[in-house]
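Good morning, everyone, and thank you for making time for this. I would like to walk slowly through one structure with you, so please keep the sequence and the picture in view while I talk.

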Amino acid sequence: MSFLMLALCLQAKGGPWTKGGFETRKYRNVFVEMGYSKKAVEAKLEEVFNDVFHGPNKVYFEVGDTLGYISDIKNHDVRTEGMSYGMMIAVQLDKKDIFDRIWRWSKKYMQHQSGPREGYFAWSCKTDGTHNAEGSASDGELYYITALLFASNRWGDNTGINYKGEAQRILNCSMSKNGEDGQMPLLHPDHQLITFTPDRFGSRNTDPSYHIPAFYEVWAKWADDGRAEYWKEAAKKSRDFLHLCTHSVTGLNPDICQYDGTVMQGPWMRGSGNFRYDSWRVPMNIALDYEWSCADQEWQQDYGKRIQDFFYSQGVDTFNDQYRVDGTLPAENEILQAGGFRKLRHSIGLVATVAAASVLCMSDKSKEFVDALWKAKHEPFDDGYFDAYYDGLLRLFAFMHLSGNYQVIFPK
């Protein structure tokens with residue numbers, strides 16, 4: 001069957017699917033649908049995984065017999081973002097040793113074991129475990145909890161780590177915080193939406209890229225913390241929030257915003273209302289919620305079309321990695337720097353997440369984005385800039401999505 005015929009068949013059925021993995025336990029291999037052989041897809045996924053964990057530009061490092069960490073090489077640190085991503089990748093691909101090493105390092109060096117921040121994690125550490133900051137970034141805890149629950153489902157809790165117990169501890173510690181000593185729950189108590197940081201200052205805002213409603217459904221099913229209905233409500237409110245924060249034409253979202261989707265004003269917020277590094281994750285996150293829950297399918301399919309239409313209009317091989325949400329380019333002083341460079345690029349991390357949005361819609365444009373990701377080389381730019389960490393992890397996540405290897409993990 002030609003790709004066009006396949007797309008027409010899918011469109012005739014109302015889209016790629018109407019039920020998610022929670023219900024069907026089935027996942028599309030978009031690469032195979034688009035003509036790549038299953039063997040080639042499996043080899044490519046292994047290659048991309050090895051680039052991140054074992055290759056010459058790896059970001060994963062083992063310490064002794066039991067520990068390991070993922071480093072943001074260009075910033076010379078270890079972040080809860082990357083550590084929790086590493087655990088999610090490891091549990092998805094059944095890499096128990098990697099998962100356990102990263103968790104042990106996280107618990108030993110990053111997690112606060114007592115005091116007002118108990119249960120939370122220092123978001124940035126040196127590679128020797130020394131804290132660069134004491135506070136937390138809420139997305140790290142979001143991924144830690146979900147990855148631990150999946151580990152409990154996949155490997156059980158009697159192999160040396162009580163995965164579910166560790167997830168429950170983070171949840172219970174979070175929900176016990178009420179603003180005293182400056183610490184807040186991961187989800188704002190009034191809005192029931194994830195905070196930018198779970199403290200009095202950072203809880204005034206949210207980050208659209210932290211919103212993964214299906215993760216709350218995982219918590220509702222398997223956290224066994226007595227809050228199942230609360231997490232289901234949180235998933236619904238998170239989906240509603242994504243409607244508010246994504247532009248009605250371009251699909252672009254701000255880097256950080258208020259709980260109603262609007263951007264805080266002030267000279268210190270310059271560029272924070274633009275689509276930039278954190279924002280890249282939103283297309284992939286919406287795709288994940290669609291794959292797993294399919295609870296907002298009509299809007300999600302429309303979003304997939306909008307976001308791919310916009311980037312297609314900018315050129316599949318040439319679009320920039322930062323924009324204002326209306327699709328215009330940012331001013332020079334709005335461009336967020338990375339690795340000592342302040343420059344717009346065609347970054348493989350964004351190439352990856354826009355391609356991952358192809359699970360939301362099937363069109364000739366979607367195939368072009370998927371082909372572009374398949375062919376893209378993760379290598380330094382002409383000026384020497386190279387991001388093995390963020391670009392590399394997003395690239396790996398996208399290959400997992402598009403090959404059907406990013407799944408809800410049920411108890412055995």
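What we are looking at here is a predicted model, and in it two bridges join β3, which covers residues 77–79, to β4, with the two strands running antiparallel.

Stepping back, these strands belong to an open sheet of four, in the order β1-β2-β3-β4, with antiparallel pairing. Because β1 (60–63) and β4 (124–125) each have a single partner strand, they stand at the edges, and one side of each is left without a neighbour in the sheet. Across β1, β2, β3 and β4 lies helix α6, residues 96–110, which runs at about 80° to β2.

Now let us turn to a pair of helices. The axes of α7 (residues 138–155) and α8 (residues 163–175) come within 7 Å and cross at roughly 155°, which means that α7 is roughly antiparallel to α8. The crossing is left-handed, and the residues that make the contact include Y144, L148 and W155 on the α7 side and Y163, I170 and L171 on the α8 side. Sorted by class, this contact of α7 with α8 has 10 nonpolar, one polar and three charged residues.

Finally, a word on confidence: the mean pLDDT of the chain is 95, and 95% of its residues reach 70 or more. Over residues 1–15, however, the pLDDT is below 50, and where pLDDT is low, the predicted coordinates should not be read in detail.

Note on methods: Residues numbered from 1 in each chain as written. Predicted model: local features only at pLDDT ≥ 70, side-chain atom pairs only at ≥ 80, totals over all residues. Heavy atoms only, no water. Axes fitted to C-alpha atoms, helices over the stretch in contact; angles between N-to-C directions. Parallel < 35°, antiparallel > 145°, perpendicular 65-115°, else oblique. Left-handed = near helix turned anticlockwise from the far one by under 90°. Contact = heavy atoms within 4.5 Å. Nonpolar A, V, L, I, M, F, W, Y, C, P; charged D, E, K, R; others polar. pLDDT = per-residue confidence, 0-100. Pairing = 2+ DSSP bridges.
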